[in-house]
Amino acid sequence: MSESSDVGSDYGPDEKVVEFFVMPSRALKTLRKELDRLIDTEASATVLFRHGYISGYDLGNKLGVRMELERIEAELPNIWAEVGLGRIAGVRREAERITVIVRESPEVRASKAVPYCDFTRGYLTGLVSVLTSRRHMGKEYECASQNGDRCVFVLSPVGGDHNET
C-alpha cells in the first residue's frame with residue numbers, strides 16, 4: 001500500500017468545518033502498540049502516517065495560509081508550536097527539500113530500533129503540502145528513539161498540488 005495514494009481524498013476543502021481535539025501522548029503510543037499487535041508493523045506505520053497526513057492537511061486548510069517555500073523556515077516553527085507533537089528545533093531548506101528537526105516528540109519510544117514517528121512524519125508532510133500548495137513526501141532519517149535527542153525529517157516535493165493527495 002502506497003502511503004501517498006489518495007491520502008486526504010475524503011478530507012479536502014469541500015468540508016465546511018474541521019474540528020480538532022486534544023489527545024494525550026499516551027493514547028498515541030497505545031494506538032501504535034495496538035496497531036502493531038493487530039496488524040504488522042509496516043502496516044501500522046502506514047496507517048499512522050496516513051492519519052497524521054490527514055491531520056496536517058486539515059490543519060493547513062483550516063489555517064487558510066499559503067506561502068512560498070522560502071517562508072517555511074520562518075513560519076513552520078510558529079505553526080507547529082500549537083500542534084503538540086514536539087518542538088521544532090530547526091528548519092532548513094535546500095532547493096525544494098525541507099529538513100525539519102523535532103525535539104521532545106511524544107511519539108518516541110526508546111525501545112524501538114527503527115525510526116518510529118510515523119504520525120508526526122505524516123502530520124508534517126500534510127501540513128507542508130497544504131502550506132506550499134505542493135504535495136510532499138516525508139521520511140524520518142533520525143529518531144530520538146535510537147538513543148538520540150531529536151528526530152530529523154526530510155520533506156521532498158513529489159509533483160502535483162496538494163489537492164491531488
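Predicted model: local features only at pLDDT ≥ 70, side-chain atom pairs only at ≥ 80, totals over all residues.
Residues are numbered from 1 along each chain as its sequence is written, and side-chain values use heavy atoms, with hydrogens and water left out.

**Overall composition**

- The chain contains 4 helices and 4 strands; helices (H or I, at least four residues) and strands (E, at least two) are DSSP runs, numbered from the N terminus.
- Along the sequence, these elements follow the pattern α-α-α-β-β-α-β-β.
- Of the 165 residues in the chain, 47% are buried; buried means under 20% relative accessible area, exposed over 50%, and partly exposed in between (1.4 Å probe, protein chains only).
- Among contacts with a separation of 6 or more, 65% are between residues 24 or more positions apart, where contact means heavy atoms within 4.5 Å.

- The 4 strands form an open sheet in the order E1-E2-E4-E3, with antiparallel pairing; two strands pair if DSSP finds at least two bridges between them.
- E1 and strand E3 (136-142) stand at the edges with a single partner strand each, so one side of each has no neighbour in the sheet.
- On average, neighbouring strands of this sheet are turned by 20 degrees against each other, direction ignored.
- E3 and strand E4 (residues 151-157) run antiparallel and are joined by 6 bridges; His136 stands opposite Pro157 in E4, and Glu140 has Phe153 as its bridge partner in E4.
- E2 and E4 also run antiparallel, joined by 5 bridges, and Thr99 has Val154 as its bridge partner in E4.
- E4 is largely enclosed by the rest of the structure, because 5 of its 7 residues are buried.

**Helices against the sheet**

- Helix H3 (residues 72-80) lies across E1 and E2, at about 155 degrees to E1; axes are lines fitted to C-alpha atoms, for helices over the stretch in contact, and angles run from 0 to 180 degrees between N-to-C directions.
- H4 packs on the sheet and touches E2, E3 and E4, its direction making about 140 degrees with that of E3.

- Leu28, Arg32, Leu35 and Asp36 are the buried residues of H1.
- Seen down the axis of H1, these buried residues fall within an arc of 100 degrees, so they line one face of the helix; the arc is that of the directions from the helix axis to the C-beta atoms.
- Their cover includes helix H2 (41-63) and H4.
- Arg26, Arg37 and Leu38 are exposed on the other side of H1.

**Positive phi in loops**

- Ala95, in the loop between strand E1 (87-94) and strand E2 (97-103), has a positive phi of about 55 degrees although it is not a glycine; Ala95 is exposed, with a relative accessible area of 61%.
- Glu104, in the loop between E2 and helix H4 (118-132), is likewise not a glycine and has a positive phi of about 60 degrees; Glu104 is exposed at 59% relative accessibility.
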